[in-house]
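Take a first look at the model below. The text then goes through it step by step.

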Amino acid sequence: MPSLKDLRNRIGSVKQTRKITSAMKLVASSKLKRAQDQAERARPFAESMARTLANVARTVKGMPDAPALLSGSGKDENHLFIVATADRGLCGGFNTSIVRGARRRLAQLRADGKTAKFICVGRKGRDLLRRDHADLIEEYVDGVVAKRRLEYADAERIAAMVVDRFEAGAIDTATIIFNRFKTAISSELTFRQLVPATIPEVDEAPADDDTPSALYTFEPDEETILERLLPMNLAVQIFNALVENVASEQGARMAAMDNATRNAGEMIEQLTLSYNRQRQAAITKELIEIVSGAEAL
Amino acid sequence: MAEQLKFELVSPEQRLASGDCDMVVMPGEDGDLGVLVEHSPLVTLLRPGVVSIYQGDRVDRRFFVAGGFAEVSEEGCTVLIEEGFPLEDVTEAEAGQRLDTAKRDFADIGDDGPARDRAARAVAIAEALVDAVAA
């Protein structure tokens, strides 16, 4: 049975913890707001990009010399995964779910006799993967997610790593693993294939196949445009994934800290209850001692 | 007043400009081009340079763009760029400094390969910026 003083100390320390978790929740919710704003601002670009790319790709489709970034290397042997996680913990299952997804995919590929490598963005993913797959981590990109705002230049840097490896023939496909933002409290583990590029479907009436794109004039020509567009699209896809990931991270942290705050509250209630009970017991005991002492006289 | 051209200038990080204007002049890969309302549909690559937005006969706003592409359709003109900012936000000294850094980076890369191409591109962008600011 803990003493009164012990109980008092524990109540004090749980109260401190609650203060910290509720502050972290507030910080996370304001960061979430900022991340959502950024995702909002990034959307028009991604939409126009997808539309144009679809238009251009449609005219090139079927051509024998389509760029390799679009058509693939013709093999499916060496896979590259960009594992996007957070730099910090205390956000529930956010980081572990991403890393678990990566591990599962790795096991599948290995069972099929294929190879996989990782590029880690975010410190937590690297720390977790390093334990058992240190040899597979090709590159670790530092200090991208910790910034106040994500910068497109960082996404470009990562895209360049992917393109260089692809062109050198070291990889056949590239996929980014991240948590797609759904609502503040829920996100979805997503594997987005980057290479070969997936071309979004245009929702314009596909009835007459070549009418919409045939209207466009291309300058200089489709192939040249596509060759520039594809690496750019890669960087944009990575950028968007990272933006969504940051929003999900803050959402997950907000939820985790909200839970922690509530748990601390419950704990304080229970501890206070047993503290009061014990104090009352001590008082009663003293009274009994006085009364029985008086009776004995 | 005649019908106006719907115009949008967006980078991955934000929307830099959007609205109606009379003409947009941009640095196409094969030469500068001006887009008026009801231009025929077009997709073009852009080289580093200046995008000017005209209201009437006067230049209303000018943006430096580091390259990207433009799509002109019936709905309007959309310019997608990787990097860009209003031209008045940068001084001649800053532009010169950027060129120096880019040149130094380029000199530091010895072997050829993708990294060298990228460094060369950075130099070209910085040179275009210096020209744009000086003009």
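Two residues are in contact here when heavy atoms of theirs lie within 4.5 Å. The model is a predicted one.

Thr52(A) sits in helix H1 of chain A, which covers residues 4-60. Setting aside neighbours within four places in sequence, Thr52(A) is in contact with Leu229(A), Val43(B), Phe69(B) and Glu71(B). With Glu71(B) there is also a polar contact between the side chains, at 3.2 Å. Is Thr52(A) buried or exposed? Its relative accessibility is 0%, so Thr52(A) counts as buried. The cut-off for buried is under 20%.

Next comes helix H7 of chain A. It holds 75 residues, 222-296. How far apart should its ends be? At 1.5 Å a residue the helix should span 111 Å, and its end C-alpha atoms are 109 Å apart, so the two values agree. Asp221(A) caps the N-terminal end of H7(A). A side-chain oxygen of Asp221(A) lies 3.2 Å from the backbone nitrogen of Glu223(A).

Phe239(A) belongs to helix H7 of chain A. Its relative accessibility is 1%, so Phe239(A) counts as buried. Which residues does Phe239(A) touch, beyond those up to four places away in sequence? In chain A they are Gln38(A), Ala42(A), Leu150(A), Glu151(A), Tyr152(A) and Ala155(A). In chain B they are Pro12(B) and Glu13(B). The C-alpha atom of Phe239(A) is 9.3 Å from that of Ile158(A), although 81 residues separate the two along the chain.

Now step back to the whole interface of the two chains. Here 27 residues of chain B are in contact with 30 residues of chain A. The size of an interface is often given as the accessible area lost when the parts come together. Between chain B and chain A the buried area is about 2600 Å², and carbon and sulfur atoms give 59% of it. Val43(B) is in contact with Thr52(A).

Glu82(B) and Arg228(A) meet in a salt bridge through their side chains, at 3.7 Å from N to O. The count of residue pairs in polar contact is 11. On the side of chain B that touches chain A, the elements giving two or more residues are strands S5 (42-46), S8 (68-73) and S9 (76-81), and helix H2 (114-134). S8(B) gives the most, with five residues.

Chain B itself has a further boundary. Its domain assignment gives domain 1 (5-87) and domain 2 (90-134). The contact takes 11 residues from domain 1 and eight from domain 2. The centres of the two domains, taken over C-alpha atoms, are 23 Å apart. About 700 Å² is buried between the domains, with 62% from carbon and sulfur atoms. In domain 1, Pro48(B), Phe64(B) and Leu87(B) lose the most area to domain 2, together 52% of what that side buries.

Two salt bridges cross between these domains. Arg98(B) and Glu83(B) meet in a salt bridge, with 3.1 Å from N to O. Strands S6 (49-55), S7 (58-65) and S10 (84-86) of chain B each give two or more residues to the side of domain 1 that touches domain 2.

Notes
Residues numbered from 1 in each chain as written. Chains lettered and ligands numbered in written order. Predicted model: local features only at pLDDT ≥ 70, side-chain atom pairs only at ≥ 80, totals over all residues. Heavy atoms only, no water. Helix = DSSP H or I, 4+ residues; strand = E, 2+ residues; numbered from the N terminus. Expected span 1.5 Å × (residues − 1). Polar contact = N/O pair within 3.5 Å; in protein donor to acceptor, adjacent residues only side chain to side chain. Buried < 20%, exposed > 50% of the residue type's maximum accessible area, 1.4 Å probe, protein only. Domains from an automatic or database assignment. Buried area = accessible area lost by both parts, 1.4 Å probe. Salt bridge = Lys/Arg side-chain N within 4 Å of Asp/Glu carboxyl O.
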